[in-house]
Amino acid sequence: MTAFGAVAITGASRGLGAALARRFAAPGVRLLLVARSRAALEAVAAECTARGARVRIAALDVRDAAALAAALAAFEVEGPVELAIANAGTSAGTSPDGAPEDTAAAAAQVAVNLLGAMHLVGPLLPGMRARGHGAIGLVASLAAFRGLPDTPGYCASKAGLFAWGEALRAAHGPEGIRVSVICPGFFDSAMGDRYLGPKPLRMGLEAAAERVHRALLQGRARVVFPAPLGWLLRLLALLPPGLGDRAVRLMRVRVRPEA
Ligand SMILES: NC(=O)c1ccc[n+]([C@@H]2O[C@H](COP(=O)([O-])OP(=O)(O)OC[C@H]3O[C@@H](n4cnc5c(N)ncnc54)[C@H](OP(=O)(O)O)[C@@H]3O)[C@@H](O)[C@H]2O)c1
C-alpha cells in the first residue's frame, strides 16, 4: 500500500471523482480537484478540508490543455503530484427517441474522456520520470472491451484510454511509474442515471469508489469490476464479428443527453 501526499483528480465535482477525493482526503495530503462546476468543486473541497486535507480547486474544462497544465504547474509549486487520476468523463449515445449519436457527440466524448486524460498526464509525466516514481490512474470502463451499438463514441473513447494506459504502463513501468487502468461496470451516479436500459450487477457509488481507491493504493495495473461482466465483454470481443454483433444487439439501450 502506498500513501499519497499529493493527488490530482479530474471530474472531482461529483460522482466517482468526488467520492475518491473524500477517500484520499486526510491530514498531510494535498489535493487538486478539477472539473467545470466551481460551486460543486467548492462543496467537495470543503468536505475534504474538514477531513484535514489541503485543497486547491481548478474550475476548468479538461479539453483546455493549456488551462489544465497551468493549474497543475501552480499546484506543483508546493510539491509534485504523486498520483494523478484521470476520471473526468462524459457520455452520450442513442437518444431516448431512438436517434443515433451524431459525430459531434462522439467527438466530444473522445475529447473529454481520452484527450482530457492525456492533458492531465502529459504535463506530469516528465517530472514523474525524472524523479523515478509517480502513479497514474485512468478511469476507463468495461465499454473499452467491445463496441456496443448504442454508445459508439463512449466505447471508442474508453477503448482508446484503455490502450493508451496499457501502453504507458508498458513504456514507463520500468522507470518507476505505476499506471492503473480502471474498467468499472455500472455504478450509481449522474452519468449512470442518464443510461436508460438494463444495468446488470450495478454497484453503489461508494462501493465502486472503495474498489478504485484500494486498487490505486495497491498500485494494481488493471482493475476490472464486476469481474463476471468484465469476462463477458472480453469473451464477446473474441467471438467472430457477426456473432458478437448479434450478441451485443441484445443489449440495446438509450442515453439521456447531459443537461
Ligand atoms: N457511472 C457509471 O456507470 C460508469 C461506468 C464506467 C465508467 N464510468 C466512468 O467513471 C468516471 C466518473 O463517472 P461518474 O459516473 O462519476 O460521472 P458523473 O457523475 O457524470 O461525473 C463526471 C465528472 O466529470 C466532470 N466532467 C465532465 N466533463 C468535463 C470536462 N469537459 N472538463 C472537466 N470535467 C468534466 C464532471 O464535472 P463538471 O460537470 O463539473 O465539469 C463530473 O465531476 C467517468 O470517466 C465515467 O466514464 C462511469
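Predicted model: local features only at pLDDT ≥ 70, side-chain atom pairs only at ≥ 80, totals over all residues.
The ligand is surrounded by 29 residues, and the closest are Gly 11, Gly 15, Arg 36, Gly 89 and Ser 189. Residues are numbered from 1 along each chain as its sequence is written.

Helix 1 (15-24) and helix 6 (190-194) each supply at least two residues of the shell. Helices (H or I, at least four residues) and strands (E, at least two) are DSSP runs, numbered from the N terminus. The shell divides into 13 nonpolar, 12 polar and four charged residues. Here Ala, Val, Leu, Ile, Met, Phe, Trp, Tyr, Cys and Pro count as nonpolar, Asp, Glu, Lys and Arg as charged, and the others, Gly among them, as polar.

Turn to helix 2. In this helix, Leu 41, Val 44, Ala 45 and Cys 48 are buried. They cover an arc of only 105° around the axis, so they sit on the same side of helix 2. That arc is taken from the directions from the helix axis to the C-beta atoms. An α-helix has 3.6 residues a turn, so residues three or four places apart point the same way. The face turned away from the buried side carries the exposed residues Ala 39, Ala 46 and Ala 50. Buried means 20 or more other C-beta atoms within 10 Å of the residue's own, exposed means 12 or fewer, and partly exposed lies in between. The buried residues of helix 2 pack against helix 1, strand 2 (30-35) and strand 3 (54-59). After helix 2 comes Gly 52, with a positive phi near 105°.

The largest nonpolar core has 75 residues. Such a core is a set of buried Ala, Val, Leu, Ile, Met, Phe, Trp, Tyr and Cys residues joined through C-beta atoms within 7 Å. Among those with the most contacts inside it are Ala 8, Ile 9 and Ala 84. Helix 4 (residues 103-131) gives the largest share of this core, nine residues.

Two loops complete the tour. A cis peptide bond joins Phe 225 and Pro 226, with omega about -5°. Pro 226 lies in the loop between strand 8 (222-225) and helix 8 (227-238). Leu 201 is not a glycine, yet has a positive phi of about 60°. Its loop runs between strand 7 (195-196) and helix 7 (205-218). Leu 201 is partly exposed, with 15 other C-beta atoms within 10 Å.

Key
Near = placed C-beta within 6 Å. Contact = placed C-beta atoms within 7 Å.
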